[in-house]
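Please open the model in your viewer and keep the sequence panel beside it. The stops below proceed from the whole chain to single residues.

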Amino acid sequence: MKKRLIQGTAILTTAGLFCKLLGFFYRIFLSHIIGAEGMGLYQLIFPVHNLCFAFSVGGIQTALSRMIAASLGKKDSRSAQSIFLAGLFCSVSAACLLSVFLRHFSGFISLHILKEPRCSVLLKILSLSLPLSAIHACTNGYFFARKETKVPAALQVGEQLIRITSSFLIYLFFAKNQLEPSPMIAVFGLVCSEFSAMALSLFFLTGDFHSRKISTASFHGCMVHLPEIFRLSFPITMNRVLLNLLHSTEAILIPWTLRRANMAANDALSTFGILSGMSMPVILFPTAIINSMAAILLPAVAEEQAVGNQKAILKLILNTVLYALLMGLSFWLLFLIFGNVLGNLMFHEKNAGNFIRTLSFICPFLYLNITLSSILNGLGKTFTCFLINFLDLSVRILFLLLLIPVFGVKGYLYGLLTGEILATIASSAALAHFLRKDFSRQIKKDVL
């Protein structure tokens, strides 16, 4: 299990770091052609997209990964394949409905919720990506559960390459026709990348199903898994929807509260673009490793729990928590020392460097909390994860409302740090309580 975890993490980490590196150059390219204000507009539409994604994919993907891993732990490969098809049907159906809804109400959402009418056309374009994202995400969940990380890695790399290439070609089209560069370049690039990821997903799935003779599975044989998928995915979906609502509220409130602090509307949007589109991606760059480890960790923990192997679970937890903590401390020092250099070198923005240095303090807590959340989800403690994330976001929004009018954008950064510290403490306590209770029960069972 340790060997498989290391190999899977290594593959995903290599792909993730490569994509993050490409993403850096991509964001530098975007920041230069559409500016800080354009980056702000681009970032402002993602809370809406993420909310739709949470409705259609979030809970189902996690449920699929957990259910398929548990079936494979019991050597039931046929059931694992049927579970995937049932989950894919649900996810794509929901995504199509939400795509139509988002396209129809894009004007209302832009004007009355985002408070930025220029987002309307961006949301209409972005709505096309939802069904494509559903296929891509469910495919990742299927192959993660099988510990076959080469496919998700290939999808990740292919998606990023197509995004950058298509965005560059669209930019050349704008320049050739003397059109002013706008965030539409980035949104069209995103849709193209999701289409390519969907096509690759279908290619890999077809090959996998053909090799395992999945064509003999009946529609009824797949649909019998729907009640269990709904049972597991519904609370996860609701948790993620509520959390995304808080994330959306947070993103929308940042420019609004900055304007309340006597900042001009364009400056507020530019500051939001620098913070969310430039500085935060630098802080999140190392999470390519943490997220890769977490993606493998969730089905690994679920599989060991299905066969009652508590010792293997404990070993996985101790190793991954140690790695996450060491990474967090290392990158905290790196960003603290070289934050200004990175901001000026990559984005030519002094504020980007200042934000990176301030945000560096969240690294140990952020990286550790990602790992702990994945472990808790793998153990089936999804509601506990929701409560912890709810606490984190509530603190951040409270700081945003109370401190930005006094301290400016630094008030929000203080809230990020406080929220991550509290979330890490709560996650650690919840995991320790579960392990103590579970191992005590197992010892009594062995004695009897």
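This is a predicted model: local features need pLDDT of at least 70, side-chain atom pairs count only at pLDDT 80 or more; totals for chains, interfaces and linings use all residues.

Residues are numbered from 1 along each chain as its sequence is written, and side-chain values use heavy atoms, with hydrogens and water left out.

Stay with the whole protein for a moment. Of its 448 residues, 55% are buried, a term that stands for under 20% relative accessible area, with exposed meaning over 50% and partly exposed in between (1.4 Å probe, protein chains only). The protein exposes about 19800 Å², of which carbon and sulfur atoms supply 68%; accessible areas come from the Shrake-Rupley method with a 1.4 Å probe, and for residues only the protein chains shown count as cover. Among contacts (heavy atoms within 4.5 Å) with a separation of 6 or more, 83% join residues 24 or more positions apart.

Next, select Val48, Leu51, Ile109, Ile113 and Leu245, which lie nearest the centre of the largest pocket, out of 16 residues that line it. A pocket here is an open set of points on a 1 Å grid over the protein atoms alone, where a 1.4 Å probe fits, with protein on both sides within 12 Å along at least five of seven lines; lining residues have an atom within 4 Å of a point. The volume of the largest pocket is about 290 Å³, counted as the space filled by probe spheres set on the points, which are joined across faces, edges and corners. Helices H2 (46-73), H3 (77-104), H4 (106-113) and H10 (226-260) each supply at least two residues of this lining, and H2 gives the most, with five. By class, 14 lining residues are nonpolar, two are polar and none is charged; Ala, Val, Leu, Ile, Met, Phe, Trp, Tyr, Cys and Pro count as nonpolar, Asp, Glu, Lys and Arg as charged, and the others, Gly among them, as polar.

Remain in H2 and select Ile68, which counts as buried because its relative accessibility is 0%. Leaving out residues up to four places away in sequence, Ile68 touches Ala80, Ile83, Phe84, Tyr142 and Ala145. Ile68 and Phe143 are 75 residues apart in sequence, yet their C-alpha atoms are 9.4 Å apart in space.

Move on to the loop between H4 and H5, where Lys115 lies; its phi is near 60°, a positive value in a residue other than glycine. Then select H5 (residues 119-126), which is largely enclosed by the rest of the structure because six of its eight residues are buried, namely Cys119, Ser120, Leu122, Leu123, Ile125 and Leu126.

In the loop between H7 and H8 (184-211), select Gln178, which has a positive phi of about 55° although it is not a glycine and is exposed, with a relative accessible area of 74%.

Finish in H15 (residues 363-378) at Asn369, which counts as buried at 5% relative accessibility. Apart from neighbours within four places in sequence, Asn369 is in contact with Glu420, Ala423, Thr424 and Ser427.

Technical notes. Helices (H or I, at least four residues) and strands (E, at least two) are DSSP runs, numbered from the N terminus.
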